[in-house]
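This report describes one protein chain, from its overall make-up down to single side chains. Please look at the sequence and the structure before reading on.

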Amino acid sequence: MHSRPCPFCNLMFPASQLERHANDHLEEEEIRRDMELAQQIAISPTSPPKPLKNPVENVMLFERSSEKTCKRTTSRSDGSNNCYGEMSIDEKVLHLVSFQIRSTFYRVEDDLMTLLRNCLESEQGNSTSILSGSVIHFQSIESEDVGWGCGWRNIQILSSYLLMQRPEARQILFCGAGFVPDIPSLQRWLEIAWERDFDTVGSEHFNHKIYGSRNWIGTTECAALFRSFGLRARVVDFGPKEIKSQFISVSGSNPQKDSQGKRKADESYGPIDKFLLRRESRDRDISQSGSSRHDLCNLADSTEFDKCFTKDAIGRQVLVDWVWNYFSDNKFTKSGSQGVIVSDKAPLYFQHDGHSRTIVGIQVKHQLNGMHQYNLLILDPAHKTAALERSLKENVGWQKFIKRGVHTLKKPQYQLCHIDPGIAHSEELEQLKTLDSNFLEF
């Protein structure tokens, strides 16, 4: 039985008991915060609202609490009242820290990553798997965010890792709340990040407002939110070279500029729209060259199809190799069977056209012919946590939930967000306000 230290008290626990023990720390922290809030209530003329399960009610509740704060605020020297929209950034942060709500989630009896590790170790054949540390799986909920909330759920999964595995991040993330906030609270944090000038171009796509909406978000919004707390969130783009200039996040690209010389965003309203714009641009380029998509990959000609398929497979291998190098950190080789290894790397936010997921590891299987077969190990917010837990405990059917081979990577482009260790300050923090990325060609 493998033992690992608790990230909060450094006591050693079996891996199967670590998540439950760490959750006890989180609950103790929440009780402490509740006691402090109770003391505030005792001397406050009004009572703070109770958490509600309905996100729409949460939005309305947040607005009403802002209005109450406005009414309680003493008039300024100019006679104006301090409503939420007129608050300073610091006042908005204080308000959010007081009213942000802890997100609910299905509690897995045993550590989810420990269950996955056990299943991987039980597989036949020579293989090496590298996993991130413990995370909490946040699933999309039918009555709340199905169809639009996957980006926020992946941010929650990443946040759970940072809170449990990185003490320096726990101290500053969500102003030291010690828990993962719900989606409306995360939306407020993103707006504050924009107001602090993190990813101003991305902010323009949403007209600087995201709270209470069902707009899709993507990799750049994930990076901007984490960067606003000083976390070193980085973006990596994967795609064909024909559309490299269309990636707004790519350093050295040439996006449009307005009359004042400022960078001007394309007419899109989020990451999915950006993908569609890039696809349309690519189609126009092909059309202007006098060829078509089918000319480039003629399905009627099996030889041409094989060539096209091989090229796509080689291209997608670029992404898989990057993920392997990221989790292995150049410490492990692909040759030889090394079992299951737990890395100190954070999970990856994984975006493509229409959906986003979280990569928590990678597996390479060593074939008899000397070839390597790769599987990305992925948690999907669209999957039910209870079904995922059951399949892992029974060691039956979990592969369809988690494993994704190179052949499944059929989208024209992908984006990743990874969070490097450490906290940025001063000049580095200012540099993080401008989003760029590392572009790798398919």
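The model is predicted: local features need pLDDT of at least 70, side-chain atom pairs count only at pLDDT 80 or more, and totals for chains, interfaces and linings use all residues. Residues are numbered from 1 along each chain as its sequence is written, and side-chain values use heavy atoms, with hydrogens and water left out.

## The chain as a whole

The secondary structure comes to 15 helices and 11 strands. Helices (H or I, at least four residues) and strands (E, at least two) are DSSP runs, numbered from the N terminus. Of the 442 residues, 51% count as buried. Buried means under 20% relative accessible area, exposed over 50%, and partly exposed in between (1.4 Å probe, protein chains only).

The accessible surface of the chain is about 21,300 Å², and 50% of that belongs to carbon and sulfur atoms. Such areas come from the Shrake-Rupley method with a 1.4 Å probe; for residues, only the protein chains shown count as cover. Among the contacts in the chain with a separation of 6 or more, 72% are between residues 24 or more positions apart. Contact means heavy atoms within 4.5 Å.

Which strands pair with strand 3? Strand 7 (residues 355-366) runs antiparallel to strand 3 and is joined to it by 5 bridges, while strand 5 (residues 339-342) pairs with it in the parallel sense over 4 bridges. Two strands pair if DSSP finds at least two bridges between them. Thr128 has Val364 of strand 7 as its bridge partner, and Ser129 has Val340 of strand 5.

## Helix 13 and helix 4

Helix 13 spans residues 385-394, and its buried residues are Thr385, Ala387, Leu388, Glu389, Ser391 and Leu392. They pack against helix 4 (112-121), strand 8 (372-379) and helix 14 (398-402). Just after helix 13, Asn395 takes a positive phi of about 55 degrees.

Leu116 belongs to helix 4. Its relative accessible area is 2%, so Leu116 is buried. Leaving out residues up to four places away in sequence, Leu116 touches Leu131, Val360, Leu392, Trp398 and Ile402. The C-alpha atoms of Leu116 and Leu377 are separated by 9.5 Å, although these residues are 261 residues apart along the chain.

## Aromatic rings

The structure holds 11 aromatic pairs. Rings of Phe, Tyr and Trp (its six-membered ring) pair if their centres lie within 6.5 Å; planes under 30 degrees apart count as stacked, over 60 as edge-to-face and the rest as tilted. The ring centres of Phe174 and Phe229 are 5.5 Å apart and the planes are at 75 degrees, so this pair is edge-to-face. Phe174 lies in the loop between helix 6 (167-172) and helix 7, and Phe229 in the loop between helix 9 (219-227) and strand 4 (231-239), so the pair ties together parts that are 55 residues apart in sequence. Phe174 is buried at 0% relative accessibility, and Phe229 is buried at 10%.

Ring pairs also link Phe238, Trp322, Tyr326, Phe327, Phe350, Tyr414 and Phe442 into a cluster.

| Charged residue | Ring | Distance to ring centre |
|---|---|---|
| Arg188 | Tyr211 | 3.7 Å |
| Lys433 | Phe198 | 5.7 Å |

Gln187 lies in helix 7 (residues 183-195). What does the side chain of Gln187 reach at 3.0 Å? It reaches the backbone oxygen of Ser213. Gln187 counts as buried because its relative accessibility is 2%. Leaving out residues up to four places away in sequence, Gln187 touches Trp148, Trp152, Ile210, Tyr211, Gly212 and Ser213.

Ser140 lies in the loop between strand 3 and helix 5 (150-165). At 10% relative accessibility, Ser140 also counts as buried. Its side chain makes a polar contact with the side chain of Asp145 at 3.1 Å. A polar contact is a pair of N or O atoms within 3.5 Å; within protein, one must be able to donate a hydrogen and the other to accept it, and residues adjacent in sequence count only if both atoms are side-chain atoms.

Note on methods. A charge sits over a ring if NZ of Lys or CZ of Arg is within 6 Å of the ring centre and within 35 degrees of the ring normal.
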